[in-house]
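Trainee: I am new to this structure. Can we go through some of the words used for it, and what backs each one?
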Amino acid sequence: IRVRPLTCTETQRGDRRVVHSLSDGTVHVSATSPPGFRGAAAPLSCCCPHAQVSAARHDAIFGFSAVFDAGASQEAVFEGSGMRQLVELAIDGFSCTVFAFGQTGSGKTYTLMGPLAQSDTPAASPGVLGLMQRSFACLLEQSQSRSSDLALSASYLEIYNEQVRDLLRPGPPCALPLRWSKTRGFYVENQLSVDFESLEAIADLLLQGSQRRRTSAHTLNRHSSRSHALLTIHVRSRTRGHSITPPTQVPQPSACPSKQGTLCFVDLAGSERVKETGSSGELSVEANNINRSLLALGHCISLLAKSGGKRTHIPYRDSKLTRLLARSLGGSGITLMVACISPSSRCLSETLSTLHYASRARRVTTRP
Ligand code: ADP
Ligand code: MG
């Protein structure tokens, strides 16, 4: 869980902080909380997965594996969330996914990319770089220090109004077909995959792609992402001394053992109440598409959490988003979910719903 600081606007208009994190991985949400909320919360305190909600209905405590309060640095989030381990697992050949979810304006894009991708001022200070840039650096460092060569490539897609678009392809956006095959599962046809060897090159791909991403301004966030974005790094590793099979060639069966891992970053478009964001016309069509796909995702997560690892039908086909995330959610992947929340009293009900969503997501198990 990541709680962002109150913004200037929120402070100026007198919003109260209703989210408090305790040092033991719990989040306390209280509409009525006085500064000494610890005592008042005592009868409720319990480490969940399920939240304990008091009679006041807006007073709840949730337990999570890691909670980052407003003061936590980007580095603390990278080191404390397990992101570094996820990068290492991707190098070891696992499919790893990290996704950020939460209300519009709650800090998803900031957590993943820092302020860089949203502003016109080019260089953000290294201290505020997000999980993505830190992972890229870690990946490239590891590739130099390990005794294997890593071949790295990236693809970057967005799902906008239920259409899959390639963010790395120059020119006007065009929709790509999403297909399914027995061997590959769901995949996007004709998506571009670009090889890279340096930190500058991947940072540049990220910047180019995120500038193509569909954003609109509304009352909750001036640069609100209106699409779900998925950046996938493909990591192919081979023991040093053997040449790497180029992506276009079929690997030789007799070739030296190679591992293929992926590291996928998912920046979900935020959930929103249409009336709070002042969306109308085209914006409300976007909002409805976003909300529908998030609902489909929530539904899949609920069913996966309930199934407890048993085989059940999961309706991945309900949205493009759930199709693309099928492997990360229920398959053989390892997934880190970062729930972003605002501490403001005005966001209370959305914050509670994100925390409930996150509690359910915590119970999903995969089989890496
Ligand atoms: P989202 O992607 O969830 O819609 P953003 O990441 O765009 O939200 O964040 C909304 C605003 O809050 C941005 O101006 C961003 O710079 C700021 N912000 C978010 N998280 C933090 C944080 N941890 N520290 C400082 N500013 C933040
Ligand atoms: Mg965003």
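Mentor: Start with a cut-off: buried means under 20% relative accessible area. Keep in mind that this is a predicted model.

Trainee: What makes strand E17 mostly covered?

Mentor: Strand E17 spans residues 334-341, and six of its eight residues are buried.

Trainee: How do you know that E1 and E17 pair?

Mentor: Pairing needs at least two bridges between the strands. Two bridges join strand E1, residues 2-3, to E17. Therefore they count as paired. The two strands run parallel. Arg2 stands opposite Cys340 in E17.

Trainee: What makes E6 and E17 a pair?

Mentor: Six bridges join E6 to E17, against a requirement of at least two, so they pair. These strands also run parallel. Phe101 has Ala339 in E17 as its bridge partner.

Trainee: Why is Lys108 called buried?

Mentor: Its relative accessibility is 6%. The limit is under 20%, so Lys108 counts as buried. Lys108 lies in helix H5.

Trainee: Which residues are in contact with Lys108, leaving aside its neighbours within four places in sequence?

Mentor: Contact requires heavy atoms within 4.5 Å. Among those in contact with Lys108 are Ala100, Phe101, Asp267, Leu268 and Cys340.

Trainee: Why is Gly107 called buried?

Mentor: Gly107 has 18% relative accessibility. The limit is under 20%, so Gly107 counts as buried. Gly107 is in the loop between strand E6 (95-101) and helix H5 (108-113).

Trainee: Which residues does the UniProt "binding site" annotation cover?

Mentor: The unreviewed UniProt entry gives that annotation to residues including Gly102, Gly107 and Lys108.

Trainee: How do you know that the reach of helix H11 is close to the expected one?

Mentor: H11 covers residues 348-362 and has 15 residues. From first C-alpha to last, H11 reaches 21 Å, close to the 21 Å expected at 1.5 Å a residue. Among its buried residues are Leu348, Leu352, Leu355 and Tyr357.

Note on methods: Residues are numbered from 1 along each chain as its sequence is written. Chains are lettered from A and ligands numbered from 1 in the order in which they are written. This is a predicted model: local features need pLDDT of at least 70, side-chain atom pairs count only at pLDDT 80 or more; totals for chains, interfaces and linings use all residues. Side-chain values use heavy atoms; hydrogens and water are left out. Helices (H or I, at least four residues) and strands (E, at least two) are DSSP runs, numbered from the N terminus. The expected span of a helix is 1.5 Å times one less than its number of residues. Buried means under 20% relative accessible area, exposed over 50%, partly exposed in between (1.4 Å probe, protein chains only). UniProt positions are given in the numbering used here, feature names are shortened, and annotations may be inferred rather than shown by experiment.
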